[in-house]
Amino acid sequence: MASAAGYAAFELGVAYFGSMNTQSRKRSSALRWHLVGVLLVLGIGLSRCVSDDPIATPEDSSALCDTMTVRFSAEIRDVLRRHCWECHASSIATAGVILDTYNGVNARVTSGQLLSAVRQDNRLARPMPNARPRIPLCDLRKIEIWVAAGAPNN
Ligand code: HEC
């Protein structure tokens, strides 16, 4: 991709200078390769913007974040299982917080603590997951969408 666009830019430069008369070609001989070089760099730079290579990760790309269906029993439980159950499953219930049952989660939705926790908005005593970075944006979005929909037990 990069080489194709670079080559196209090169051809453009050659065509441009080929169209000049001999007098001006001499005058601009120093400029010639300079401009070709600039066009080459430009071509490579542009080709990077339209590269087919996947640069974005599922975490930070909304295109790859599927929020079409967000149900408590599937997507939400999955997010909580991955990020929170280690400390907040019923069997552990750190700080009395239970996040593997609908009632347990819904209590934290009502209190506003669930969103505060996953957003890490500094309203809780400690950011959650405890002492760890914020959960990935895609997971956060799913929770926000589900809460905004009234946190249904679906
Ligand atoms: C590694 C263990 C750990 C993980 C993982 C974890 N927590 Fe916690 N959580 C704690 C501890 C410890 C506390 C008690 C913090 C305190 O009060 O100082 C706590 C407290 C909380 C509280 C109550 C905060 C308060 O101010 O009363 C909420 C809500 C909470 N966690 C939500 C979550 C959510 C949501 C996740 C997943 C995104 C999560 N936690 C992941 C350990 C954890």
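Mentor: Start with contacts, meaning residue pairs whose C-beta atoms, placed from the backbone, lie within 7 Å. Among those in the protein chain between residues at least 6 apart in sequence, 62% join residues at least 24 apart. This is a predicted model: local features need pLDDT of at least 70, side-chain atom pairs count only at pLDDT 80 or more, and totals for chains, interfaces and linings use all residues. Residues are numbered from 1 along each chain as its sequence is written.

Trainee: How many helices and strands does the protein chain have?

Mentor: Helices (H or I, at least four residues) and strands (E, at least two) are DSSP runs, numbered from the N terminus. From that end, the elements run α-α-α-α-α-α-α-α. The secondary structure comes to 8 helices and 0 strands.

Trainee: What percentage of the protein chain counts as buried?

Mentor: Buried means that 20 or more other C-beta atoms, placed from the backbone, lie within 10 Å of a residue's own. The protein chain has 154 residues, and the buried share is 15%.

Trainee: Why are the buried residues of α8 on the same side?

Mentor: In α8, the buried residues are D139, K142, I143 and W146. They lie on the same side of α8 because their arc around the axis, taken from the directions from the helix axis to the C-beta atoms, is only 95 degrees.

Trainee: Which helices do those buried residues of α8 pack against?

Mentor: α8 has 12 residues and is followed by G150, whose phi is positive, near 95 degrees. The buried residues of α8 pack against α4 and α7.

Trainee: Which element gives the most to the shell around the ligand?

Mentor: The ligand has 21 residues around it, counted when a C-beta atom, placed from the backbone, lies within 6 Å; the closest are C84, C87, M128, P129 and N130. α5 (85–88) and α7 (113–119) each supply at least two residues of this shell. With 4 residues, the one that gives the most is α7.

Key:
A residue is buried if 20 or more other C-beta atoms lie within 10 Å of its own, exposed if 12 or fewer, and partly exposed in between; C-beta atoms are placed from the backbone. Two residues are in contact if their C-beta atoms, placed from the backbone, lie within 7 Å. The expected span of a helix is 1.5 Å times one less than its number of residues.
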